[in-house]
Amino acid sequence: MQITIPKEMEQVVRAKALEAGFQSVEEYVLTLVTNGSGNERVTAMTRNEELKRLQELRREVQLMSSDEIVSLVAEGRD
Amino acid sequence: MAIVVDASATLAWLFGEVDPIDWLEVTLQQESLLAPSLWQLEVVQAVLKKERQHQVTSHQADDFLQVLDAMAIDVVDLPHLTLQGLAAWSRPHQLSTYDVTYLALAVERQAELLTLDNNLKLAAQRLSIAMVGA
């Protein structure tokens, strides 16, 4: 099966697919048809990006023991 | 089952010695995470303290908070307790009222609890509250 997108819609659909994190229009349209929305994919991508950023940030700072973290929270309550 | 996260568990994702990435990747996809509104104050307070002590830069602090903001953690109202009720929760377990908030939310939502705090873990055990990783 091949998905045919009307010429006048092609640019809009392509832009929406890219915005939702899809590399191909076909994949985006199939996801829309099967899931009803491409939002899950966007959420997953955002989550992965944030976790990657967290991993980078953790490498930049000095890590703490569990006891030190519990004390840090307790100090904030004083 | 939902998971109530406290400030210590959250800060461990940022600064703890155990790498949380794999756990977060799976958990954020499969579970719903909850925190009382108090959690926001505690987490930001701790991150700002590290910033003031020059253990993280303001840019890093902002980035850490941005990562947490992007996580699907449902921040909910404090459990509805009277002042007397709050004290009644606190007394037998010798817990701070801050800790009671997390405990009461876990009971109210029938959720598991995630914390690094041993006193809170002990109280949760006494109340038969399920704990993540227990």
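In strand E3 of chain B, Val76(B) is the bridge partner of Pro36(B), and this contact belongs to the parallel pairing, over 4 bridges, of strand E2 (residues 33–36) with E3 (residues 73–76), where two strands count as paired if DSSP finds at least two bridges between them. The model is predicted, so that local features need pLDDT of at least 70 and side-chain atom pairs count only at pLDDT 80 or more, whereas totals for chains, interfaces and linings use all residues. Residues are numbered from 1 along each chain as its sequence is written, with chains lettered from A and ligands numbered from 1 in the order in which they are written.

E2(B) also pairs in the parallel sense with strand E1 (residues 3–5) of chain B, over 2 bridges, and Val4(B) stands opposite Leu34(B). Both faces of E2(B) are covered, since Leu33(B) and Ala35(B) on one side and Leu34(B) and Pro36(B) on the other are all buried (20 or more other C-beta atoms within 10 Å of the residue's own, these atoms being placed from the backbone; exposed means 12 or fewer, and partly exposed in between).

Chain A, by comparison, has 4 helices and 0 strands (DSSP runs numbered from the N terminus, helices being H or I of at least four residues and strands E of at least two), and buried residues make up 13% of its 78 residues.

Between the chains, 28 residues of chain B are in contact with 22 residues of chain A (C-beta atoms, placed from the backbone, within 7 Å). Helix H1 (7–15) of chain B gives the most to the side touching chain A, with 6 residues.

Technical notes
Two residues are in contact if their C-beta atoms, placed from the backbone, lie within 7 Å.
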